[in-house]
Amino acid sequence: MAIKIKAQEKKLMVGPKMGTYVYQMSAETYSALTESKMIDEAALRSGIQRGALYASFDAIGAVIKAWATEGHSVPVPGLGTMRFSVNAKTVEDVNMVASTLISTRKIIFTPSTDVKKALQDATISITCYDRNGNVVKRVNSQDPGEIDNAAKFLLSVVSGNEAYGTVSGGGTYAAGTEVELVATAKSGYKFTKWSDGDTNATRTYTTIGEAVTLTAEFISNDEEEGGAVGE
């Protein structure tokens, strides 16, 4: 079996090459497997009764949830480790620190060496689609399969109006990476907030396990947020 990858022709919407068509690769997922099918396969391979496997998985799941919510980094047998974390807004005043600043609760999973090795050794099958969805090429890759320790995701940082201000800090990062984002207003304008509600022009953002776009909003010094002065 090979890992299926699709290379889809898409137009870049941000960045210096905005408007250019490029081929972006991503994994093509198979149909989602049911829990019952997983238990049946495990029973077949191990010779252990299905009922015993269900009880074992339930017990392991309960232990993982209990220890992870206590703040431990918990081993997941045969797979790696997992822990809980959060994304939260930053504040300068310690008296403003509260649980309401937390915007996202998340799970960070780190695969084991064996899982990484299995991924590294897997062959790759790439299907290329043009912008209209037509298949234009198929590639069977036998490359060395070098992989990062963790999957990486695109953090797009954009200015709501480039005439008013600029931004920096975007890129591709592993989940849980702390990234400094900076919004810089041009003369005659001021920064107001990021699209997730954070009002700090310079902030530390902790990445999550998915692509995210954050927009910095600016207004003229002659305006108030929500409209011009005197409206």
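Arg203 is buried, with a relative accessible area of 4%, where buried denotes under 20% relative accessible area, exposed over 50% and partly exposed the range in between (1.4 Å probe, protein chains only). The structure is a predicted model, in which local features need pLDDT of at least 70 and side-chain atom pairs count only at pLDDT 80 or more, while totals for chains, interfaces and linings use all residues. Residues are numbered from 1 along each chain as its sequence is written, and side-chain values use heavy atoms, with hydrogens and water left out.

Arg203 lies in strand 13; helices (H or I, at least four residues) and strands (E, at least two) are DSSP runs numbered from the N terminus. The side chain of Arg203 makes a polar contact of 2.8 Å with that of Asp196. A polar contact is a pair of N or O atoms within 3.5 Å; within protein, one must be able to donate a hydrogen and the other to accept it, and residues adjacent in sequence count only if both atoms are side-chain atoms. Leaving aside residues up to four places away in sequence, Arg203 touches Thr90, Val179, Glu180, Leu181, Trp194, Asp196, Asp198 and Leu214, contact meaning heavy atoms within 4.5 Å.

Strand 11 (residues 178-185) and strand 13 run antiparallel and are joined by five bridges; two strands pair if DSSP finds at least two bridges between them. Glu180 has Thr204 of strand 13 as its bridge partner.

A parallel arrangement is found between strand 1 (residues 2-11) and strand 6, which are joined by seven bridges. Gln8 stands opposite Tyr129 in strand 6. Strand 6 (residues 123-129) is mostly covered, five of its seven residues being buried.

Helix 2 (residues 50-68) has 19 residues and reaches 27 Å from its first C-alpha to its last, close to the 27 Å expected at 1.5 Å a residue; the expected span is 1.5 Å times one less than the number of residues. The buried residues of helix 2 are Leu53, Ile64 and Ala68. They cover an arc of only 20 degrees around the axis and therefore lie on the same side of helix 2, the arc being that of the directions from the helix axis to the C-beta atoms. These buried residues pack against helix 1 (35-46), strand 3 (74-76) and strand 4 (80-88).
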